Structures are given as structure tokens and as C-alpha cells.
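My entries follow in the order in which I went through the questions.

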Amino acid sequence: MLEARSSNDDEPRTTNKKTKYIMELQLELEELECTRRRDNEPYIIAGPCSAESEEQVMETAVRLKAMGITVYRAGVWKPRTRPGSFEGMGSKALPWLKKVKKELGMKIAIEVAQPSHVFEALKYDIDIFWIGARTTVNPFFIQDLADALKGLENPIFVKNPVNPDLSLWIGAIERLNRAGVKKLAAIHRGFSYFGTTKYRNVPQWEIPIDLHRYLPDLPIFTDPSHIAGRRDLLQEICQEAMDLNFDGLFIESHINPDVALSDKAQQVTPDGLKELLDSLIIRDAEVHDSRVMRDLKRMRKQIDMLDDELMEVLEKRMTIAKEIGRHKKANNITIFQDVRWNEIVGKRLTQAQEKDLSEEFIDKVFRAIHTESIKKQNKIMNEK
Ligand code: PEP
Ligand code: MN
């Protein structure tokens, strides 16, 4: 059963088989107009954050085409968090993109956020639409778009919502599919986070992984640009996406990023993009060699045995926690005692370093165990 982290509405928190909407999808990546430079490489969609001028659009496209990329992305209407920044060139940019399509034979992808964007774009033969993170959050916007896209054959790529809410992401995909859109794919662009983080948007890879478990056939692209926020961090995100076996990369590339009107820190030149793509190590998703398979099975067996032990230990630990709960209840002592909690965390974090386990990981594990203990003790305290 899949935990689909849901927003605070009255939808079920859990997306199980009963609530699962059966999608009718047409998911061959080639049908989504996507290509790769060579076999054993991810599908690529690349282009500038924004279409800024005819020259910038054309020069970037020429260079990307020359390196084997056939799908060109460019923002025409830019949703910006704060007013006053560059909001895109609007309809004026559409003829420039049509020219790229006509002269270079590339497929064109743009972001649409409202029905008028779709209708304008169709006048210029735009091939692919993507829905941005700030639009996916709102079911009203998505429904309006779904109604506008009804009956069209264009592939639609749906970015994750800005907040880490899998249900909202799935909901948007379902709304489009119910309107008859069959050529669907998802784009993982990370999630906004209050506070300082290494990346502009935290990847929370477990969310696109859950999406894949829920909709195994839906292609998922990674947008390393909006996750990383900085071009020096793009490579590691792309490599991670490849190691997690996602299908493609949706990446920003600008002929001269330093003068870009939006997202300049994260855009990479076409040459930089080529270097990045050439550096990726693409590993086999399936095991063909029987010896490799045998060794893998042996190691997995060991992991399974260790997991069995972990479960036993957790069970034992919780049994003792419950015993402590009864003891505290009998003696009228509070459940949470911060001296004890600090002692547990302090000790395990020191040990973490010795054992080459990250502090972040051990902190999470012990917090989860502690929360579960408190829950169990709370139940005992409140039993009549
Ligand atoms: C974009 O792709 O340029 C964009 C605005 O992305 P997001 O919706 O992920 O912020
Ligand atoms: Mn951008």
C-alpha cells in the first residue's frame, strides 16, 4: 500500500488499490516526441529557461540540435514568485519557436498555465506542453487546463507541485487523463523548503519513486536545473537520476547563461551540457550476466536476513518501551523526559561517526523510533 502524502483536505491519506484511478496512457517515449542522443542514454529535453530574443532562441537551438538533442524547451510565460522580475516575452516569442521547429526540425515544448496559453501556442504549432510546479498545486487551474487540452494529441508533461504532496501530483495527472490526455509524463523538479538547503529545491527522491510505484508505466523526467539551482550541482543530480533509473532529463541550457533574464545561475551552455551528458555513467537496470545475478542474490539474501534481525530488534525495543510506559503510568511519571532523549541522541550521533553512518540518517532513525515509543506509551497512559 502506498502512502500518498496528501494535502490537508478530506481526501484519503493513503492511495491504495481501491482509490486508484485506472489510467489510459500512451506512454512510449517516442510517442511523447522524445529522443535520446544514443542508445543507453536518457531522453533529453533541453533549452533556455525563457525565450528572450529571436537570436538567443535560435543560437541556443542550433547548438543543442548539433549535439543530437531534438526536443527544445523554452518558457514563454514565466510564473514568478515575486512581481517585478522577468515574466517572459509572451506570445511574441512563439514565432521564434516556430522558426526553430521549421528550420531545425526540433519539437518544441513550452509551459502553459492557463487555457489562453494553450490556444495561443496552438496557433504556432507548439508540440509539447508542460505544466509548472506553481500550477500543479491548484486543482482549479489543472481542471481548466484539462478542459482546454481535451481532444488534443500533444504530449503533456506535469511537474510536481512545489510542496511535497504526491496526491496533488497524481491528482493533476488523473485530471488530465480523465479529460482524454493519453500522452502524459511527469517531471520531478524538487520541492520548496523553508530554510537553507544545499539545493534550490530539495529532491526528496522518495516522492518520484512512490509515483513510479503507483504508476509504473508513466515516464518520469528529472529537472536537475530547478532542483540544483546552480550549474555546478547539475551533474550530481543527473547522475543520481540515472542511478535511480528515471527516464529522461529536462534541463535548462542557454547560449550565454550569465546574461540570462531568468534562472541564470542554473543554466548551462550547450557545450557544458554536452560535457555533462558525456560524463554520466549509465548503469544497467536489468542484470543479464548470471554470475552477477548470483552474487547480487547472495547479497540481497544477507540484506533480507539483516532486515529480519532489525524487525526482531524493533519489536523487542517496543515491547520494553511499553513496559516502561506501564511503569511510568503506575508511578505517575511523564512520558517524555528530555534529559533521557538528549542522552539517547547524543550517544548515537557520536557512534554514527565511528560507524560511517551520517548523522542526518541516525538522527532520523532514532527520532522515528522515539516517536513510535511515545505513541505506544501514550496509548498505555490513556487506557482506562
Ligand atoms: C521552468 O521550467 O522554467 C519553471 C518555471 O519551472 P518550475 O515550474 O519547476 O519552477
Ligand atoms: Mn527556469
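Helices (H or I, at least four residues) and strands (E, at least two) are DSSP runs numbered from the N terminus.

**Entry 1, conventions.** I noted that this is a predicted model, in which local features need pLDDT of at least 70 and side-chain atom pairs count only at pLDDT 80 or more, while totals for chains, interfaces and linings use all residues. Residues are numbered from 1 along each chain as its sequence is written, chains are lettered from A and ligands numbered from 1 in the order in which they are written, and side-chain values use heavy atoms, with hydrogens and water left out.

I looked up the protein chain and found 13 helices and ten strands. Of its 384 residues, 44% are buried, and along the principal axes its C-alpha atoms fill a box of roughly 80 × 50 × 40 Å.

Strand β3 covers residues 43-47, and I found five of its five residues buried. I then checked pairing, for which DSSP must find at least two bridges between two strands: β3 and β10 pair in the parallel sense over five bridges, and Y43 stands opposite G248 in β10.

Which protein donors does the manganese ion (ligand 2) have? I counted as donors the N, O and S atoms within 2.8 Å of the metal (3.2 Å for Na, K and Ca), bearing in mind that water is not among the atoms, so sites may look incomplete. The protein donors are C49 (SG), H226 (NE2), E252 (OE) and D263 (OD), which lie 2.1 to 2.4 Å from the ion. Their spacing in sequence is C-x176-H-x25-E-x10-D. One pair among them links distant parts of the chain, with E252 in strand β10 (residues 248-252) and D263, eleven residues apart from it, in the loop between β10 and α10 (270-279). Both E252 and D263 are buried.

I next listed the surroundings of ligand 1, taking a residue as near if one of its heavy atoms lies within 4 Å. The shell consists of C49, R73, K78, E111, W130, G132, A133, R134, K159, R189, H226 and E252. I sorted these with Ala, Val, Leu, Ile, Met, Phe, Trp, Tyr, Cys and Pro as nonpolar, Asp, Glu, Lys and Arg as charged, and the others, Gly among them, as polar; this gives three nonpolar, two polar and seven charged residues.

For polar contacts I used pairs of N or O atoms within 3.5 Å; within protein, one must be able to donate a hydrogen and the other to accept it, and residues adjacent in sequence count only if both atoms are side-chain atoms. Oxygen atoms of ligand 1 lie 2.7 Å from an N or O atom in the side chain of R73, 2.9 Å from a polar side-chain atom of R134 and 2.6 Å from a polar side-chain atom of R189. Taken alone, ligand 1 exposes 290 Å², of which the protein buries 97%, with areas from the Shrake-Rupley method at a 1.4 Å probe and, for residues, only the protein chains shown as cover.

I followed K159, a member of the shell, to its bridge partner in β8, which is I187. Four bridges join β7 to β8, and the two run parallel. Because five of the five residues of β8 are buried, that strand is largely enclosed by the rest of the structure; L184, A186 and H188 cover one face, and A185 and I187 the other. W130, also in the shell, points the same way as I128 from strand β6 (residues 128-131), while F129 and I131 point the other way, and all are buried. Strand β5 (residues 107-111) pairs with β6 in the parallel sense over three bridges, and I110 stands opposite F129.

Q204, in the loop between β8 (184-188) and α7 (206-214), has a phi near 40°, a positive value in a residue other than glycine, and it counts as partly exposed because its relative accessibility is 25%. N332, in the loop between α11 (290-330) and α12 (338-354), is not a glycine either and has a positive phi of about 60°; at 74% relative accessibility, N332 counts as exposed.

Terms used:
Buried means under 20% relative accessible area, exposed over 50%, partly exposed in between (1.4 Å probe, protein chains only).
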